[in-house]
Amino acid sequence: AGLDVEARHGAASTTGGSIPVPLSPLVGRDAEVSRLVEVVFGGTTRLITLTGLAGIGKTRLALAVAKAAAARRGRRTWWVPLSGVVESKYVLDAVAGALGVSEVTVEAIGIRLRGEPALLVVDNLEHLDGVGGVLTDLLRRVPEVTALVTSRAPIGLPDEQAWPVRPLAVPADHEGGVEELTAVSSVELLVDRVRRATPAFDLNPGTAGVVAEVCRRLDGLPLALELAAGSWRVLGTRGVLDAISADPLDVHDLQGARPAAHSSVRSALAASHGLLAAETRHVLHGLSVFRGGWTLEAATEVVGRGSLLDHLDRLAALGLVETHDDPTGRRFSMLPTIQAFAASHARDTGIADTLAIRHADF
């Protein structure tokens, strides 16, 4: 018990000492880090939720913001990991442990946090039901606290600022020169990780085109790029591209060191897929029939599941569907990797042929 209390107090550094230090650099997120730090210090939003697919980089982005916030004077910062918490009733235990508070109550935590502005960075929230009530209670009782949370979907609390974490930028079709590519964030990440597995790798005119195509085929998804880099040592530059061309969902962790949800592109998408209700899953599978995006009218006609607004909203919140405006109005689309995942489920559930006919008729 004494060691536990000592460990809790040791973790409660207000200078960022409890914040984990990644072994590799964060790539392509400088602008987002700066914007998020300004939001945290702006004081107008006290609950910010970083959302997106498994492996999109939510935790790494949150770590960078926590480090930047801890480096500024006047903002105490604590890191609260929830990956090992199995029920929402234990969230307060995790917060108390991070703060070095022995009494696990909102009152005791509030006393520890009162007095100066504080930032709680709460990582991996999506698997806990009802945790929003715990956060709401804490934020209401302790006005000095701002919470930065990572979750695959928004928590759904009033005044929450949902912040979708997007894939990294990929090279345009015409970009293939070494100088052009080095400025593209997905290429920067891929090359950095490839060199960790294969130090002799060189981005040169002979490899640049393949590297650019790998980044495009994997949609700039950070986890997918890191998994592909891990196979470079065995497959080589051309072999990696051939494997991705055959099945981008099969890119996986050859070393077996990652958690299950991050062990392959397929398992990362399955983690978000598992958060969907059965009806919404069916909609996702049906939408895979579209190429180049769709309108709400088209989806209603082809997928035919009544009002699709709720389903599309949920899919967009999880990062499984993209939304954008063009001169014809509001349109929706999927990243090709996600589309391939949804199409495989459409085939497995036996609806692919029916969808193709309805799509052709429309």
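## A walk through the predicted model

Asn124 sits in the loop between β3 (118–123) and α6 (131–141), where helices (H or I, at least four residues) and strands (E, at least two) are DSSP runs numbered from the N terminus. Its phi is near 70°, a positive value in a residue other than glycine.

Before going on, note that this is a predicted model, in which local features need pLDDT of at least 70 and side-chain atom pairs count only at pLDDT 80 or more, while totals for chains, interfaces and linings use all residues. Residues are numbered from 1 along each chain as its sequence is written, and side-chain values use heavy atoms, with hydrogens and water left out.

Asp219 also has a positive phi, of about 60°, although it is not a glycine. This residue is placed in the loop between α9 and α10. Asp219 is buried, with a relative accessible area of 9%.

Next comes the interior. In soluble globular proteins, nonpolar side chains tend to be buried together. A nonpolar core is a set of buried Ala, Val, Leu, Ile, Met, Phe, Trp, Tyr and Cys residues joined through side-chain atoms within 4.5 Å. The largest one here has 85 residues, of which Leu190, Val211, Val214, Leu287 and Trp294 touch the most other members. Helix α3 (residues 58–71) gives the most to this core, with 7 residues. A second, separate core of 30 residues includes Trp78, Ala96, Leu120 and Leu125.

Which residues does Leu287 touch, not counting residues up to four places away in sequence? They are Trp294, Ala299, Val303, Leu312, Leu315, Val321 and Met334, where contact means heavy atoms within 4.5 Å. Ser288 lies in the loop between α13 and α14 (296–303) and, at 4% relative accessibility, counts as buried. With residues up to four places away in sequence again left out, Ser288 touches Met334, Gln339, Ala342, Ala343 and Ala346.

Leu190 belongs to the buried residues of α8, along with Ser185, Ser186, Val187, Leu189, Val191, Arg193, Val194 and Ala197. Their cover includes α3, α7 (178–181), α9 (205–217), α10 (222–230) and α11 (232–246). At 1.5 Å a residue, the 13 residues of helix α8 (residues 185–197) should span 18 Å, and its end C-alpha atoms are 19 Å apart, which agrees; the expected span is 1.5 Å times one less than the number of residues.

Helix α12 is mostly covered, with 7 of its 9 residues buried. What covers those buried residues includes α10, α13 (278–287) and α16. The axes of α12 (residues 265–273) and α16 (residues 336–348) come within 11 Å and cross at roughly 75°; axes are lines fitted to C-alpha atoms, for helices over the stretch in contact, and angles run from 0 to 180 degrees between N-to-C directions. That makes α12 roughly perpendicular to α16, since angles under 35 degrees count as roughly parallel, over 145 as roughly antiparallel, 65 to 115 as roughly perpendicular and the rest as oblique. Val265, Arg266, Leu269, Ala270 and His273 in α12 meet Thr337, Ile338, Phe341, Ser344 and His345 in α16.

Key
Buried < 20%, exposed > 50% of the residue type's maximum accessible area, 1.4 Å probe, protein only.
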